[in-house]
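Let's take a walk through a protein together, starting from its overall plan and ending with single residues. Keep the sequence beside you and turn the model as you read.

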Amino acid sequence: MAIKTIEKLKTTDLGASNELACPVCGAVSQMRLFENTDGSMVAHLHKKPAQGLAVCPRCATVFTVNPHYIAEKKSGTVCELEPQDLTVLVRGS
Ligand SMILES: [Zn+2]
């Protein structure tokens with residue numbers, strides 16, 4: 001369900017993150033990163049708009065990502081995504 005939510009949004013695929021442990025399921029994997037450009041998410045999820053999103057490929061939890069990481073990723077800076085950069089937006093299964 002969380003993945004379908006993401007697919008309905010206008011997003012830009014930012015590729016994969018470095019490997020890190022998912023704060024929800026603990027699986028070590030590369031998260032898929034998106035940039036949300038769709039303001040309708042605010043009404044849909046009753047939450048603040050998130051510019052940077054990450055999805056765990058194991059449990060499908062959607063996280064918002066620290067904006068500093070997204071800015072660095074887009075500028076080509078080599079940076080590591082850390083668990084503390086992630087905030088649960090939609091919990092997967
Ligand atoms: Zn997970």
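Start in β2, where the bridge partner of Glu 19 is Gln 30. That pair belongs to β1 and β2, which are antiparallel and joined by eight bridges. Two strands count as paired here if DSSP finds at least two bridges between them. In general, strands of a sheet pair through backbone hydrogen bonds, either parallel or antiparallel. The hairpin of β1 and β2 has six residues between the strands, and Gly 26 takes a positive phi near 85° there.

Before going further, here is how to read the model. It is a predicted model, in which local features need pLDDT of at least 70 and side-chain atom pairs count only at pLDDT 80 or more, while totals for chains, interfaces and linings use all residues. Residues are numbered from 1 along each chain as its sequence is written. The score called pLDDT is the predictor's confidence in each residue, from 0 to 100. For this protein the mean pLDDT is 84, and 76% of the residues reach 70 or more.

Now step back to the whole fold. The protein has three helices and five strands, and along the sequence they follow the pattern α-β-β-α-β-β-α-β. Helices (H or I, at least four residues) and strands (E, at least two) are DSSP runs, numbered from the N terminus.

How are the five strands arranged? They form an open sheet with the order β1-β2-β3-β4-β5 and antiparallel pairing. Its edge strands are β1 (11-21) and β5, each pairing on one side only. From one strand to the next, the twist averages 35°; axes are lines fitted to C-alpha atoms, for helices over the stretch in contact, and angles run from 0 to 180 degrees between N-to-C directions.

Let's cross the sheet strand by strand. β2 and β3 run antiparallel and are joined by four bridges, with Glu 35 opposite Gly 52 in β3. Next, β3 and β4 pair in the antiparallel sense over three bridges, and Leu 53 stands opposite Thr 64 in β4. Finally, β4 and β5 are antiparallel with four bridges, and the bridge partner of Val 65 in β5 is Leu 86.

Phi of Ala 60 is near 65°, a positive value in a residue other than glycine. In general, most residues other than glycine have a negative phi. Ala 60 counts as partly exposed because it has 19 C-beta neighbours inside 10 Å. The cut-offs are these: a residue is buried if 20 or more other C-beta atoms lie within 10 Å of its own, exposed if 12 or fewer, and partly exposed in between, with C-beta atoms placed from the backbone.

Is Gln 84 buried or exposed? Gln 84 sits in the loop between α3 and β5 and counts as exposed, because it has 8 C-beta neighbours inside 10 Å. Phe 34, in strand β2, is buried, with 24 other C-beta atoms within 10 Å. The C-alpha atoms of Phe 34 and Leu 14 are separated by 5.1 Å, although the two are 20 residues apart along the chain.

What lies inside? Buried residues make up 26% of the 93 residues. In soluble globular proteins, nonpolar side chains tend to be buried together.

In β3, Gly 52 and Ala 54 point one way and Leu 53 and Val 55 the other way, and all are buried. Helix α3 lies across β1, β2, β3 and β4, running at about 90° to β3. Val 65 is in contact (C-beta atoms, placed from the backbone, within 7 Å) with residues including Leu 33, Ala 54 and Ile 70.

Terms used
Two residues are in contact if their C-beta atoms, placed from the backbone, lie within 7 Å. Lists of a residue's contacts leave out its neighbours within four places in sequence.
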